[in-house]
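I opened the model to go through its chains one at a time. These are my notes, in the order in which I looked things up.

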Amino acid sequence: MQQIPDVIREIPLNYYVWFSAALFCIGIIGVLTRRNAIIIFMSVELMLNSVNLLLVAFSSYKADPAGQIFVFFIMAVAAAEVAVGLAIIVMIYRNIQTIDVGLLNKLKW
Amino acid sequence: MNAIIALSLFGISNLFLGFLNNRKILLPATLVFILIALGLNFADWNHEYYWFNNMLKTNNLSVNFVTIILLSTFLVVAISRSFGDDDEHSHPAEYYAILLFSAVGAIMMVTFENLIMLFVGLEILSVSMYVLTGSDKRSLRSNEAALKYFLMGSFATGILLFGVALVYGATSSFDIHGIAQGVAKAKEQMGGAYGPLLYSGVILIMVGLLFKISAAPFHFWTPDVYDGAPSIFTAFMSTVVKTAGVAATYRILSISFPSVYGLWGNPLVYIVCATLIIGNITAVYQQSFKRMLAYSSISHAGYLLITVLAKRPETNSSLLFYSLAYAIATITAFAVLMVVSEAQAKNGKADESFEALNGLANNNPLLAFSLTISMLSLAGIPLTAGFFGKFFVFSDAFSNPSSLFKWILVIAILMSTVGIYYYFKPIIAAYMKKGEVAKIELSPLYKFILILTTTLTILLGLAPDLVKNIF
């Protein structure tokens with residue numbers, strides 16, 4: 001069986017960079033334009049996963065395992081964030097029966 | 001660095017203490033835990049150690065930052081009497097444990113040697129703060145603040161991580177000294193120019209961290225979150241989180257990227273000016289004392305960033321002194337705000353406007369005096385710690401040869417005069433406005449903390465060299 005880094009290296013590095021950048025931008029646009037808290041949350045996860053992809057690509061091109069170790073940390077921490085984030089969203093839903101962030105306007109200057 | 005291990009264990013044991021029927025033991029236990037961690041922290045003094053396979057590094061600078069963080073945590077815990085010993089639904093053990101855990105995150109942020117630890121520390125701190133912000137579960141304002149903080153915080157983390165990935169691509173290292181070497185090598189190969197990976201990577205890392213320390217234009221979440229969160233956690237957020245964030249920003253910019261100063265220095269100039277102007281001008285229009293303190297924390301982020309930007313040899317000590325002066329004064333202000341807003345509560349809702357302070361001095365001279373000293377310190381009036389904090393920061397900016405710093409200095413001084421206007425509002429309300437605040441009974445510990453912080457503020461204002469020489 002071929003080594004996984006070799007498989008990754010069959011595609012030029014530039015493609016990975018552009019693809020991750022595109023995913024990252026889609027994530028940013030999602031956060032800034034959507035109003036549903038869950039969708040915003042998904043967009044944030046998309047941003048994190050574009051980072052994971054980029055780190056794995058760099059790490060196999062440089063033959064340096066540090067990048068892949070970082071990916072494990074990001075996955076673990078993102079899971080912890082999901083736990084807290086969904087709890088916050090459920091708490092909001094219990095109080096106002098909606099998760100539309102546009103309706104949350106108690107705090108205004 | 002044993003402080004990290006100790007605090008984590010103490011946090012867990014605090015959770016177990018929550019099973020006891022006697023909740024009175026939690027507060028003293030937590031205070032003792034923090035003091036032990038503070039003692040362990042001093043064991044690293046005058047040693048340069050690498051910990052956990054070069055993941056963390058302690059030196060005198062980091063020991064000083066950890067001291068400020070633990071001292072702020074201690075003060076915040078000491079004034080946290082309102083966790084409700086009587087309320088069935090309150091969870092004091094969990095709150096104290098989460099505060100200890102978030103102190104661990106803050107310590108990792110000021111000692112990191114590897115970007116993995118920066119990320120993990122930042123997330124430990126942030127995730128704990130999301131929980132604490134939303135801890136008032138039945139209040140819509142607290143809910144909304146938690147959601148905003150969570151969404152904006154994880155957004156900022158995403159941006160920071162993308163920056164880290166790009167810098168890794170340009171320098172093939174996560175070690176902050178390794179990155180510095182990689183940056184030099186990359187610069188050599190490109191003939192003095194910056195590659196696009198490095199360029200966007202540095203900017204994105206900076207943006208991610210500035211989000212956390214709420215510098216303009218990334219500050220928009222700050223007033224809402226600070227306003228909505230329970231006051232005790234707002235005090236924690238505006239001191240510990242800010243100190244840790246500024247220290248992390250300073251550490252990574254000054255160790256990893258000093259050779260590409262132009263790349264992050266130029267945008268940071270505009271960010272500093274925008275932060276000072278927006279923070280101070282908007283604070284003038286606030287009706288709520290708590291919200292004014294939120295904007296004041298934005299403006300103080302601006303002053304702290306000036307000295308990061310000035311890159312002088314004295315930056316270390318100015319940064320430490322300013323953080324210390326700011327933390328003490330802010331915690332005093334929140335301590336007064338908490339008791340007064342609860343005493344003046346209308347329909348069970350705490351009144352956090354300036355009017356709640358009207359006539360405070362008549363029956364509560366200690367509260368009014370502490371409030372006055374903390375406001376004077378935040379405004380930077382002589383004979384308080386805040387004055388020397390500002391003085392050191394401004395003299396750093398002044399001694400930088402670049403002419404740009406003269407302009408920053410002009411803006412900073414103009415804005416601190418604007419600051420005097422809004423910091424005097426609560427003082428005027430407390431001493432001159434007509435109103436009635438019933439005598440507020442304070443616990444001995446609360447009184448002690450108020451007197452301690454007020455004395456420290458005056459003492460550091462009279463003799464700044466006492467701690468300045470240590471830093």
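Entry 1, chain A. I counted four helices and zero strands in chain A; helices (H or I, at least four residues) and strands (E, at least two) are DSSP runs, numbered from the N terminus. From the N terminus on, I read the order of elements as α-α-α-α. I then looked up the radius of gyration of chain A, which is 18 Å, well over the 13 Å that the globule rule gives for 109 residues, so chain A is more spread out than a compact globule. The radius is taken over C-alpha atoms, and the rule is 2.2 Å times the number of residues to the power 0.38. Along its principal axes, the C-alpha trace of chain A spans about 55 × 25 × 25 Å.

Basis of the notes. This is a predicted model, in which local features need pLDDT of at least 70 and side-chain atom pairs count only at pLDDT 80 or more, while totals for chains, interfaces and linings use all residues. Residues are numbered from 1 along each chain as its sequence is written, chains are lettered from A and ligands numbered from 1 in the order in which they are written, and side-chain values use heavy atoms, with hydrogens and water left out.

The accessible surface of chain A is about 6,200 Å², with 68% of it belonging to carbon and sulfur atoms. Accessible areas come from the Shrake-Rupley method with a 1.4 Å probe, and for residues only the protein chains shown count as cover.

I checked UniProt, where an unreviewed entry places the feature "transmembrane region" at residues 15-32, 39-58 and 70-93 of chain A. UniProt positions are given in the numbering used here, feature names are shortened, and annotations may be inferred rather than shown by experiment. In the model, residues 15-32 of chain A are 100% helix and 0% strand, with end C-alpha atoms 26 Å apart. Residues 70-93 of chain A are also 100% helix and 0% strand, and their end C-alpha atoms lie 34 Å apart.

I counted 19 helices and two strands in chain B. Buried residues make up 65% of chain B. Chain B exposes about 16,400 Å², and carbon and sulfur atoms supply 66% of that area.

I searched the whole structure and got 28 aromatic pairs over all chains. Rings of Phe, Tyr and Trp (its six-membered ring) pair if their centres lie within 6.5 Å; planes under 30 degrees apart count as stacked, over 60 as edge-to-face and the rest as tilted. One of the pairs is Tyr303(B) with Phe394(B), tilted, at 6.1 Å centre to centre and 55 degrees between the planes. Tyr303(B) lies in helix α12 (residues 289-310) of chain B and Phe394(B) in helix α16 (residues 385-399) of chain B, so the pair ties together parts that are 91 residues apart in sequence. I noted both Tyr303(B) and Phe394(B) as buried. Phe387(B) and Phe388(B) form an edge-to-face pair, 5.2 Å centre to centre with 75 degrees between the planes. Phe387(B) is partly exposed, at 25% relative accessible area. Ring pairs also link Phe41(A), Tyr130(B), Tyr149(B), Phe150(B) and Trp221(B) into a cluster.

Most residues other than glycine have a negative phi, and most peptide bonds are trans. I found a cis peptide bond from Ala216(B) to Pro217(B), with omega near 0 degrees. Pro217(B) is in the loop between α8 (196-212) and α9 (221-228) of chain B. Ala63(A) has a positive phi, near 50 degrees, and is in the loop between α3 (37-62) and α4 (66-96) of chain A. Ala63(A) is exposed, with a relative accessible area of 63%.

Key
Buried means under 20% relative accessible area, exposed over 50%, partly exposed in between (1.4 Å probe, protein chains only).
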